[in-house]
Amino acid sequence: MRKQHNNVQMAINSRILLLSIVVLLPICSVSQEMDNSSLGIKAVNLGGWLVTEGWIKPSLFDGIPNNDFLDGTGLQFKSVTTGKYLCAETGGGTIIVANRTAASGWESFSLWRLNETTFQFRVSNKQFVGLNNNGNGIDVVAVSTTPGKSETFEIVRKPDDKSRVRIRAPNGFFLQAKSEVLVTADFAENSEWGDNDPSVFVMKNFGGLQGEFQVTNGYGSQRAPQIMRNHWNTFIVEDDFKFVSTNGLNAVRIPVGWWIASNPTPKPYVEGSLQALDNAFLWAKKYGVKIIIDLHAAPGSQNGWEHSSSRDGSQEWGKTDENIQQTVDVIEFLTARYAKNPSLYAVELINEPRAPGASQESLNKYYKAGYEAVRKHSNAYVVLSNRLGPADPREFLSLASGFMRSVIDVHYYNLFSSEFDSMTVQQNIDFVHTNRFSQLNHVTTSNGPRILIGEWVAEWKVKGATKEEYQKFAKAQLDVYGRATFGWAYWALKNVNNHWSLEWMIKNGYIKL
């Protein structure tokens, strides 16, 4: 498992200033006027519940065998005989060599996990390491884009030093670095693990993802159902909705994954998250809480992050019409299921698609189709996310202007940028009052979309801050984000990192609503 600090950074690095757009079904007018019941959203995100994010609850991964070998884990291998790293020449498409003195992209291999000891290795150009079936059958290459038996390997670790490994090929032999330019799968001898053994490599593990794919595939089909259902049944419960309703909040944003709408549930995911969402709607109705369904993980992953359930950091969403239609079907399924529940407040079509992999063209196509899918069943708000990364925060304003009663959703964190590295307490507070206020004004237009701060947190890069200083920082954000004409949502309700847990912040007097 990755160290928690790195896991937090990777998992939340994508939650940089982000824009999304929310649209309300036309009822009888194209006016941007909004009824009073739709104002003043004070929400919290139920992050880490129905879509796993390991940094939120690291213990969920503790029981996975070899849990440092999860899908997407990056590995590098240095031959003990050549003293050089294994490398997919040109990034893939040809042979594997052992001649690099330093390791970076071409020398890094991303795991696809089959079980706790058996894996496939994906290289930077997305081919898989395998044996050359067109030649002598022992040369090691990276040419196939579809892994099969010839691309399946076993990692054997030295019992008393897990960083020293041997790699057993599908032909039963071990890989060996015969020379710097010749790596073959034909070493049959037993190993003493010495530095004169060409089948021994020193492995460097530089971490990876801890999302839904990793946790379910890590536990495997026998154990994952019980593990996940226990998590869903205990992480968020009815009392949490009571807590929301009695502590100045009136809504929750619930991240879900695309597999929630599939029957049967595709492997490695497991059935049960839909029943948990059903419970959420029952509890929300009981306590008068609004729900924003948020498609946090789209098929193929829209951003390559763990919270969109990418297997290995790849981003494949939106590249085909079939993929877009599959996503639309998820939205229609969810909307139809909950359309008659009074707590259904909004449906977010997708969370944080990342440029340039998710193109504006594919998003426009999807947003129009997704919008219509919601409109077949419900008057719920429809949330359209702007693309992650360098993009105009008004990127979808023209599209939003064509819809009635639209709302723009922005995510603000005083994190993940070097400009915050050396800021003092007061500078952070001033940044909220000036810069964030200005950014809100920038996306607020006369007679146009209203504004929702869909994600924010009272956490920063200030070291050793006092409780009083955290209180001032939280209050500054509440003061400014309270000006948003639609409301805000804190990330998240529960988290092992205290300041990321609104429950902890409220119970310990750091935030007062």
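Which backbone oxygen does the side chain of Thr152 reach? Point 3 takes this up, after some ground rules and an overview.

1. **Ground rules.** Please keep in mind that this is a predicted model, in which local features need pLDDT of at least 70 and side-chain atom pairs count only at pLDDT 80 or more, while totals for chains, interfaces and linings use all residues. Residues are numbered from 1 along each chain as its sequence is written, and side-chain values use heavy atoms, with hydrogens and water left out.

2. **The overall picture.** The protein has 10 helices and 21 strands; these are DSSP runs numbered from the N terminus, with helices being H or I of at least four residues and strands E of at least two. For 513 residues, a compact globule would have a radius of gyration near 24 Å, and the 25 Å of the protein agrees with that. That radius is taken over C-alpha atoms, and the globule rule is 2.2 Å times the number of residues to the power 0.38. The C-alpha trace spans about 75 × 50 × 40 Å along its principal axes. Of the contacts with a separation of 6 or more, 73% are between residues 24 or more positions apart; a contact means heavy atoms within 4.5 Å.

3. **Thr152, in a loop.** To return to the opening question, the side chain of Thr152 reaches the backbone oxygen of Gly148 at 2.8 Å. That is a polar contact: a pair of N or O atoms within 3.5 Å, where, within protein, one must be able to donate a hydrogen and the other to accept it, and residues adjacent in sequence count only if both atoms are side-chain atoms. You will find Thr152 in the loop between strand S9 (140-144) and strand S10 (153-158). With a relative accessible area of 18%, Thr152 is buried, since buried means under 20%, exposed over 50% and partly exposed in between (1.4 Å probe, protein chains only). Leaving out residues up to four places away in sequence, Thr152 touches Leu114, Thr118, Phe119, Gln120, Ala169 and Pro170.

4. **Ser362, in a helix.** Ser362 belongs to helix H6 (residues 360-375). A polar atom of the Ser362 side chain lies 2.9 Å from the backbone oxygen of Ser359. Ser362 is buried, because its relative accessible area is 6%. Beyond four places away in sequence, Ser362 touches Trp317, Gly318 and Ile324.

5. **Gln477, another one to click on.** Helix H9 (residues 467-481) holds Gln477, which counts as buried at 1% relative accessibility. A polar atom of the Gln477 side chain lies 3.2 Å from the backbone oxygen of Val457. Val457 is also among the residues that Gln477 touches, along with Val432, Trp456, Ala458 and Gly482, not counting residues up to four places away in sequence. For a sense of scale, Gln477 and Ala142 are 335 residues apart in sequence and 50 Å apart in space, C-alpha to C-alpha.

6. **Asn279 and the run-up to its helix.** Asn279 sits in helix H4 (residues 273-287) and is partly exposed, with a relative accessible area of 29%. From C-alpha to C-alpha, Asn279 is 25 Å from Lys507, and the two are 228 residues apart in sequence. Two cis peptide bonds deserve a look here. One joins Asn263 and Pro264, with omega about 5 degrees; Pro264 lies in the loop between strand S15 (251-257) and H4. The other joins Lys267 and Pro268, again with omega about 5 degrees, and Pro268 lies in the loop between S15 and H4.

7. Asn66 has a phi near 50 degrees, a positive value in a residue other than glycine. Asn66 is in the loop between strand S2 (41-45) and strand S3 (74-79) and, at 23% relative accessibility, counts as partly exposed. Glu352 also has a positive phi, about 50 degrees, although it is not a glycine. Glu352 lies in the loop between strand S17 (344-348) and H6. Is Glu352 buried or exposed? Glu352 is buried, with a relative accessible area of 0%.

8. **Burial across the protein.** Of the 513 residues, 58% count as buried.
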